[in-house]
Amino acid sequence: YWGEQPFFDGAVERFITDETAAINALLAGDIDAISSVAGAGLDQLAGIDAEEGFKVVVPAAVQVNWLYLNPTLDKYQDQKVRMAVAHAIDHQALLAVGVRGYGSINCLPVVPYLAPYNTGECPYEYDPDLARDLLTQAGAEGMEIHFSYPVTGEFPPIAEVVVQELNAVGFSATSEGIDNATYIDQVWKGGD
C-alpha cells in the first residue's frame, strides 16, 4: 500500500448474529464497530449516536426493495389492477417500519444515489381511495394476492404493512416468510 499506514496492526472480524448482543458488545467496548444493523438494532441507532465516543454513519443506500407482480399471470394483465396495487402502498409507512426512516423512497429499480437514472418520479402516489376505485373498475374486488418474502431484516414488518394496505383497498392479500435460500430458489431463480 502506497499511502499512510493505518494506526492498527490488524483487524479481527467477528460474526455476531444477534443484533442486540452485537450492540451490547459495542457499548461495552468488547468490539470497535458494527458494520450494519437491519432489524431491531435500527431502533437503537439514535441512542448509540448520542453516546459519548460513538458515531452512527448511514451510508448511501445500496439496496432497493420491491414488490414484484408476476406479469405472466392473467390476473395482472389488467392495468387497473396493477395501478390499484401501486396506489394502495404507502411508501412512507414502509420506510418507517422497515428501516426506521433510514433510507429514501425510490420508484425506479436502481439505488437512489445513481442520479442519472433516478428521476425522483413516483407516478403512483399513495391513494387508497383511487386504488379501491380502480379495483372496482377492473371487477377484481377480493382478488387474491399471495407473496413470499425473506424472513430477515426489514422484510417481515414491510410484508405485514403491505398485506394490511392491500386488504384495506379490497384485495385478499396474504404473505409467507421463507428462509433466504428458499426465497432465492423460488423467487429469483424460479420466478414465483
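Author: Helices are DSSP runs of H or I with at least four residues, and they are numbered from the N terminus. The model is a predicted one, and in it Asp 127 lies in the loop between helix H4 (91–99) and helix H5 (128–137).

Reader: Why is Asp 127 called partly exposed?

Author: Buried means under 20% relative accessible area and exposed means over 50%, with partly exposed in between. The relative accessibility of Asp 127 is 30%, and therefore Asp 127 counts as partly exposed. As for its place relative to Glu 52, which is 75 residues apart from Asp 127 along the chain, the C-alpha atoms of the two are separated by 43 Å.

Reader: What makes the phi of Arg 100 worth a remark, and where is Arg 100 placed?

Author: Most residues other than glycine have a negative phi. Arg 100 is not a glycine, yet has a positive phi of about 55°; its place is in the loop between H4 and H5. With a relative accessible area of 30%, Arg 100 is also partly exposed, because this value falls between the limits of 20% and 50%.

Reader: How do you know whether H3 is roughly parallel or roughly antiparallel to H5?

Author: The axes of helix H3 (residues 79–88) and H5 come within 8 Å and cross at roughly 160°. Angles over 145 degrees count as roughly antiparallel, so H3 is roughly antiparallel to H5. The crossing in which H3 passes H5 is left-handed.

Reader: Which residues make the contact between H3 and H5, and what classes do they belong to?

Author: From H3 the contact is made by Lys 80, Met 83, Ala 84, His 87 and Ala 88, and from H5 by Pro 128, Leu 130, Ala 131, Leu 134, Leu 135 and Gln 137. Sorted by class, the contact has 8 nonpolar, 2 polar and 1 charged residues.

Reader: What makes a set of residues a nonpolar core, and which members of the largest one touch the most others?

Author: The residues of such a core must be buried and joined through side-chain atoms within 4.5 Å. The largest nonpolar core has 24 residues, of which Ile 145, Phe 147, Val 162, Leu 166 and Phe 171 touch the most other members. The elements giving two or more residues to this core are H3, H5, strand E1 (144–150) and helix H6 (155–168), and H6 supplies the largest share, 6 residues. Leaving aside residues up to four places away in sequence, Phe 171 touches Val 81, Ala 84, Val 85, Leu 135, Gly 142, Met 143, Ile 145 and Leu 166. A second, separate core of 8 residues includes Ala 25, Leu 26, Ile 31 and Leu 45.

Methods. Residues are numbered from 1 along each chain as its sequence is written. This is a predicted model: local features need pLDDT of at least 70, side-chain atom pairs count only at pLDDT 80 or more; totals for chains, interfaces and linings use all residues. Side-chain values use heavy atoms; hydrogens and water are left out. Buried means under 20% relative accessible area, exposed over 50%, partly exposed in between (1.4 Å probe, protein chains only). Axes are lines fitted to C-alpha atoms, for helices over the stretch in contact, and angles run from 0 to 180 degrees between N-to-C directions. Angles under 35 degrees count as roughly parallel, over 145 as roughly antiparallel, 65 to 115 as roughly perpendicular and the rest as oblique. A crossing is left-handed if the near helix is turned anticlockwise from the far one by less than a right angle, and right-handed if clockwise. Contact means heavy atoms within 4.5 Å. Ala, Val, Leu, Ile, Met, Phe, Trp, Tyr, Cys and Pro count as nonpolar, Asp, Glu, Lys and Arg as charged, and the others, Gly among them, as polar.
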